[in-house]
Amino acid sequence: MRRLAEWPGAERVELKVPTHYHPCNPAVVVEGDRLTAVVRTVNYELRENASITIRGPAPDTQNWLVTLDAATLAQREAVKIEDAALRQHPVARDGLEDMRAFTWRGRLWGLASGHNHLNARNTMVLAPVSAEMAEMEVLLSPKGEGREKNWGVLVKGDALFFVYWASPLQIYRFAGGMLLEPVFIGAEYPELDGWCGSSPYVPHSGRYLALLHKREGEKNGPGGVVYRHRLVELDAEEWRFTRISAPFCFEGDQVEFNSGLALHGGNAVVGYGVKDAAACILRLPLDALDSLLGDSELAALEGADLA
């Protein structure tokens with residue numbers, strides 16, 4: 001299986017934050033001459049069998065804003081996000097997990113999964129991102145699920161869309177408040193069964209690129225847990241995947257969680273965590289993405305366009 005960290009010309013940096021929590025799963029966006037990463041830090045350690053050892057009464061997430069020089073990838077600063085106001089809401093009692101960062105309407109936003117261990121629920125939230133976060137929109141689960149994670153996010157003009165699932169492909173538009181408006185439901189992609197997330201969808205050559213992931217194995221299982229990834233290309237006019245890569249990993253057969261993708265200066269910048277204990281940025285030549293996707297375009301599959 002291909003390891004992207006070994007791609008010719010690839011550059012890898014590991015982000016550092018001054019905390020006893022473990023950094024992981026960085027989201028990344030381009031802002032002028034800098035890259036801004038939202039880095040999740042956690043108060044637990046991941047065991048080989050994918051269970052966790054918690055350093056505290058419950059799992060907790062604290063997020064940091066980390067800036068890097070876009071040309072050199074040198075880290076500039078790291079600032080802890082103050083989120084005490086958000087934690088007053090029951091959906092975010094234990095913090096915002098695995099935030100995906102993106103630019104919308106001239107501001108930096110995050111789509112994250114709020115966690116509350118008391119009722120074992122994860123709830124998707126949308127919030128403007130800054131060093132002090134006090135606003136968020138709670139998003140209702142389209143399926144009435146008690147645990148929601150890993151939605152894709154896509155900005156198209158002034159509109160904001162969520163890719164709820166890859167197969168069958170399910171697209172919702174943010175309608176304001178807690179409401180989601182269904183846009184497209186139904187196209188099946190057998191090779192994407194069980195795949196979701198993982199990065200935001202970023203525009204490229206008239207279409208959108210994103211990274212998806214799939215977890216293989218179970219906690220406490222004999223082989224542990226491994227994450228696989230694919231790169232996909234989406235036509236956001238017809239709402240269909242046009243190209244899908246073969247599965248790959250970043251560094252090896254282990255827990256690797258992708259949370260960011262950005263394009264800048266002829267390069268692709270990918271953010272991912274390793275074993276919930278390292279926050280990594282990988283820069284690749286942009287043509288690596290086309291090489292992963294290949295030349296063959298998928299035929300359009302049937303689905304219901306509800307727009």
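This is a predicted model: local features need pLDDT of at least 70, side-chain atom pairs count only at pLDDT 80 or more; totals for chains, interfaces and linings use all residues.
Reader: How much space lies in the largest pocket?
Author: About 1000 Å³. A pocket is an open set of points on a 1 Å grid over the protein atoms alone, where a 1.4 Å probe fits, with protein on both sides within 12 Å along at least five of seven lines. The volume is the space filled by probe spheres set on the points, which are joined across faces, edges and corners.

Reader: Which residues are closest to its centre?
Author: K149, N150, R215, K219 and Y227, out of 32 lining residues; lining means having an atom within 4 Å of a point.

Reader: Which strand gives the most to that lining?
Author: β17, with three residues. Strands are DSSP runs (E, at least two residues), numbered from the N terminus.

Reader: And the second largest pocket, what is its volume?
Author: About 270 Å³. Its lining has 16 residues, with F102, T103, Y201, V202 and P203 nearest the centre.

Reader: Back to β17. Which strands form its sheet, and in what order?
Author: The order is β16-β17-β18-β19, an open sheet with antiparallel pairing; two strands pair if DSSP finds at least two bridges between them. The edge strands are β16 and β19.

Reader: How many bridges join β17 and β18?
Author: Nine, in the antiparallel sense. L211 stands opposite L231 in β18.

Methods:
Residues are numbered from 1 along each chain as its sequence is written. Side-chain values use heavy atoms; hydrogens and water are left out. Helices (H or I, at least four residues) and strands (E, at least two) are DSSP runs, numbered from the N terminus.
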